[in-house]
Amino acid sequence: MRKLTLTAFMSLDGVVQGPGTAVEDTSGGFDRGGWLMPFADADMDEIVNEWFLQADDFLFGRRTYEIFASHWPNVIDEDNPVPTRLNKLPKYVVSTTLTSLEWSNSYLISRDVPEEVARLKAQPGNELQVHGSGVLARTLIEHGLVDEYRLWTFPIFLGTGKRMFENGAVPRTLKLVDGRTTSTGAMVHTYVPA
């Protein structure tokens, strides 16, 4: 049985929207994209690479899939586990609007998301990884499907934007199993359901 891990980048005030680039996600008039980049460092690369080496499959929401699919197929670096794993391993995409997927080894999940994810988790292997994918993440959390939370918190307040844990979220108690801090002050905490 595989472990479902959820990795999210968030500001101190809980914003997960548009961490990578200014145009990554401007929905709702969000104009503060790219906020994570000043905090990227070798420590972050080391932690992310370590986690990507544990992946057997990836699970994405539509928006994150489209962002990743526009970039990672163009990155060829056999020494870097991020593009290597993303380009070679199966990718499951939850969407009710997409009808086809161009990125190799990508498979569409368009209905019965909790059941399909439970089926994927039941297969043998190491990790089914979710990166970002805020809407999907909230669905997975609501249905108790996340086995490990890898939450990055960056030393920045944004004041506006989408949050991972919004009002009305199902209450959950978590247990801290690991904590690290990068040279730029980003903190990554790993939690499991208590």
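**Contacts, sheet and salt bridges**

Analyst: Leaving aside neighbours within four places in sequence, Thr 190 is in contact with Trp 51, Glu 148, Tyr 149, Arg 150, Lys 175, Leu 176, Val 177 and Asp 178. Please note that this is a predicted model.

User: Where does Thr 190 sit, and is Thr 190 buried or exposed?

Analyst: Thr 190 belongs to strand β8, residues 187–193. Its relative accessible area is 5%, below the 20% cut-off, so Thr 190 counts as buried.

User: In what order do the strands of the sheet run?

Analyst: The order is β4-β3-β2-β5-β1-β6-β8-β7, an open sheet of eight strands with mixed pairing. The edges are taken by β4 (106–109) and β7 (174–181); each has a single partner strand, so one side of each lacks a neighbour in the sheet. From one strand to the next, the twist averages 25°.

User: Which strands does α1 touch?

Analyst: Helix α1 packs on the sheet and touches β1, β2, β5, β6, β7 and β8. The direction of α1 makes about 165° with that of β6. Glu 50 is found in this helix, which spans residues 42–52, and is partly exposed at 30% relative accessible area.

User: How far apart are Glu 50 and Lys 91 in space?

Analyst: Their C-alpha atoms are 19 Å apart, with a sequence separation of 41 residues. Lys 91 is in β3, where it stands opposite Phe 58.

User: What does β2 pair with, and in which sense?

Analyst: β2 pairs with β5 in the parallel sense over four bridges. The pairing of β2 with β3 is likewise parallel, over four bridges. Within the β5 pairing, the bridge partner of Asp 57 is Leu 128.

User: How many residues of β2 are buried?

Analyst: Six of its seven residues are buried, so β2 is largely enclosed by the rest of the structure. Helix α3 (residues 81–88) lies across β2 and β3, and runs at about 75° to β2.

User: Turning to electrostatics, how many salt bridges does the structure hold?

Analyst: There are 16 salt bridges in the structure. One of them joins Arg 2 and Asp 57, with the closest N and O atoms 1.7 Å apart. Arg 2 lies in the segment before β1 (3–11) and Asp 57 in strand β2 (residues 55–61), so the pair ties together parts that are 55 residues apart in sequence.

User: Are those two partners buried or exposed?

Analyst: Arg 2 counts as buried, at 4% relative accessibility. Asp 57 is also buried, at 4% relative accessibility.

User: Which residue does Lys 3 bridge to?

Analyst: Lys 3 meets Glu 148 in a salt bridge, at 3.2 Å from N to O. Glu 148 lies in strand β6 (residues 148–154) and Lys 3 in strand β1, so this pair links parts that are 145 residues apart in sequence. Glu 148 is buried at 10% relative accessibility, whereas Lys 3 is partly exposed at 29%.

User: What about Glu 66 and Arg 62?

Analyst: Their side chains form a salt bridge as well, at 2.8 Å from N to O. Both are in helix α2 (residues 62–69), four residues apart, which separates them by about one helical turn. Glu 66 is partly exposed at 35% relative accessible area, and Arg 62 is partly exposed at 30%. Elsewhere, salt bridges that share partners join Lys 3, Glu 127, Glu 148 and Arg 150 into one network.

User: Changing topic, which residues of α5 are buried?

Analyst: In helix α5 (residues 134–142), the buried residues are Gly 134, Leu 136, Ala 137, Leu 140 and Ile 141. Seen down the helix axis, they fall within an arc of 155°, so they line one face of α5.

User: What covers them?

Analyst: The cover includes β1, β2, β3 (91–94), α4 (113–122), β5 (127–131) and β6. Just after α5, Gly 144 takes a positive phi of about 65°.

User: Finally, which residues does the UniProt domain annotation cover?

Analyst: The unreviewed UniProt entry carries the annotation "domain: Bacterial bifunctional deaminase-reductase C-terminal" over residues 2–186. Across that range the chain is 25% helix and 24% strand, and the end C-alpha atoms are 28 Å apart.

Methods: Residues are numbered from 1 along each chain as its sequence is written. This is a predicted model: local features need pLDDT of at least 70, side-chain atom pairs count only at pLDDT 80 or more; totals for chains, interfaces and linings use all residues. Side-chain values use heavy atoms; hydrogens and water are left out. UniProt positions are given in the numbering used here, feature names are shortened, and annotations may be inferred rather than shown by experiment. Helices (H or I, at least four residues) and strands (E, at least two) are DSSP runs, numbered from the N terminus. A salt bridge is a side-chain nitrogen of Lys or Arg within 4 Å of a carboxyl oxygen of Asp or Glu. Buried means under 20% relative accessible area, exposed over 50%, partly exposed in between (1.4 Å probe, protein chains only). Contact means heavy atoms within 4.5 Å. The arc is that of the directions from the helix axis to the C-beta atoms. Two strands pair if DSSP finds at least two bridges between them. Axes are lines fitted to C-alpha atoms, for helices over the stretch in contact, and angles run from 0 to 180 degrees between N-to-C directions.
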